[in-house]
Amino acid sequence: MLKLDFHPAGRHFLQIPGPSPVPDRILRAMSYPTIDHRGPEFGELGLKVLDGIKKIFKTQQPVVIYPASGTGAWEAALSNTLSPGDAVLMYETGHFATLWKKMAENLGLKPEFLGLPGIEGWRRGVQPQMIEERLRADTQHTIKAVCVVHNETSTGVTSDIAAVRHAIDAAGHPALLLVDTISGLACADYRHDEWGVDVTVSGSQKGLMLPPGISFNAISPKAMAASKHAKLPRSFWDWTEIVEMNKTGYWPYTPNTNLLYGLSEALEMILGEGLDNVFARHERLAEATRRAVRAWGLEIQCADPAVYSPVLTGVVMPDGVDADAVRKLIYERFDMSLGTGLGKLKGRMFRIGHLGDCNDLMLLATLAGCEMGLRLAGVSLKESGLPAAMEWLSQPTKASGLKAAA
Ligand code: PLP
């Protein structure tokens, strides 16, 4: 919180899984004066970010940028492609998948929620064979879209999107594939075109290292064709006019100019580091975190190592320990914010974000803050997690995010 009468020494540690810390370079870029969004300078900026963002989604197709949080882009994906009463197959990976389903209901769609029973589904990724079986049974093709979350931010579990595509194809089903990678983009590999995704939804405040406030729809030709017949009411979210005006770098309404300055800077930073290096850096920090958690003797929320999230790690508390009380203590004592347990996991676990502008020493300080806080909260730990994390991080690597790294 911004305390105007008191400034704690040093920097706050914002280790929630988004919004992630905004690098100074991006903050400075956003401080440039706001310009005329119909003037020539703006057109250049518009074209630059609209082109650059395609490289992050790995697509040649249009990517629409909304001045809205990720929730807006969720609504845009549904309302542009579907009609009232359409059946939609959604998969329960956690809290955010549940919220997207609730939105589908609110919009007048008929979502069906697939998933593993109880909390098990919140510990594993999407099971593509369940999607394939359900689609095979839908011989009338009443299901119009399959919706999945690529990186479930409430649990720290990813899902194999290529395998979901494969499942839809194996069932010979024409449903659209809509994917939320709000927290996965620019942290984990993502391939909109290659994986045959029809609409990819993302947001600014995670891997892109920007403040909240802009969000995205990457749109396949099949999704664009579906939008011509989709009957859900929409106006602000409608792709047609936006995509048309974006061709010259402009928007049909007032875009989020200063956030677009920030996006331009973020693209330079991410593409300058190289996407593969960015992904490797995230994987490396995530592995260091898991090694520390294991050394503590605590459980990781994700139960399947094949789908560990490179973005965040969910740390399950022993029975009887309130995760939110531990978080509160860490916040008050060490000025560090950790992610709360959401939905079914409220009070059961906290989430360590290690995404975006994060390096080895920032992560080690984060883990030290967690460890000291856990001890202060009376949680008995098997051993310190720091040596395990340090040993992992001091191995030779090219993925530290530093140019000169060995
Ligand atoms: N989907 C996922 C996976 C998220 O992590 C979030 C936010 O954290 C959302 C959707 C909602 O996005 P927003 O809060 O930007 O509206």
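Me: Leaving aside neighbours within four places in sequence, which residues is Lys 206 in contact with?
Reply: This is a predicted model, in which local features need pLDDT of at least 70, side-chain atom pairs count only at pLDDT 80 or more, and totals for chains, interfaces and linings use all residues. Residues are numbered from 1 along each chain as its sequence is written, and side-chain values use heavy atoms, leaving out hydrogens and water. Contact means heavy atoms within 4.5 Å. With neighbours within four places in sequence set aside, Lys 206 is in contact with Pro 17, Gly 18, Ser 20, Thr 153, Ile 182, Ser 183, Leu 355 and Gly 356.

Me: Is Lys 206 buried or exposed?
Reply: Lys 206 is in the loop between strand 9 (199-203) and strand 10 (215-219); strands (E, at least two residues) and helices (H or I, at least four) are DSSP runs numbered from the N terminus. Buried means under 20% relative accessible area, exposed over 50%, partly exposed in between (1.4 Å probe, protein chains only). The relative accessibility of Lys 206 is 7%, so Lys 206 counts as buried.

Me: What is the orientation of helix 10 to helix 12?
Reply: The axes of helix 10 (residues 275-296) and helix 12 (residues 360-376) come within 11 Å and cross at roughly 20°. Axes are lines fitted to C-alpha atoms over the stretch in contact, with angles from 0 to 180 degrees between N-to-C directions. Under 35 degrees counts as roughly parallel, over 145 as roughly antiparallel, 65 to 115 as roughly perpendicular and the rest as oblique. Helix 10 is therefore, relative to helix 12, roughly parallel.
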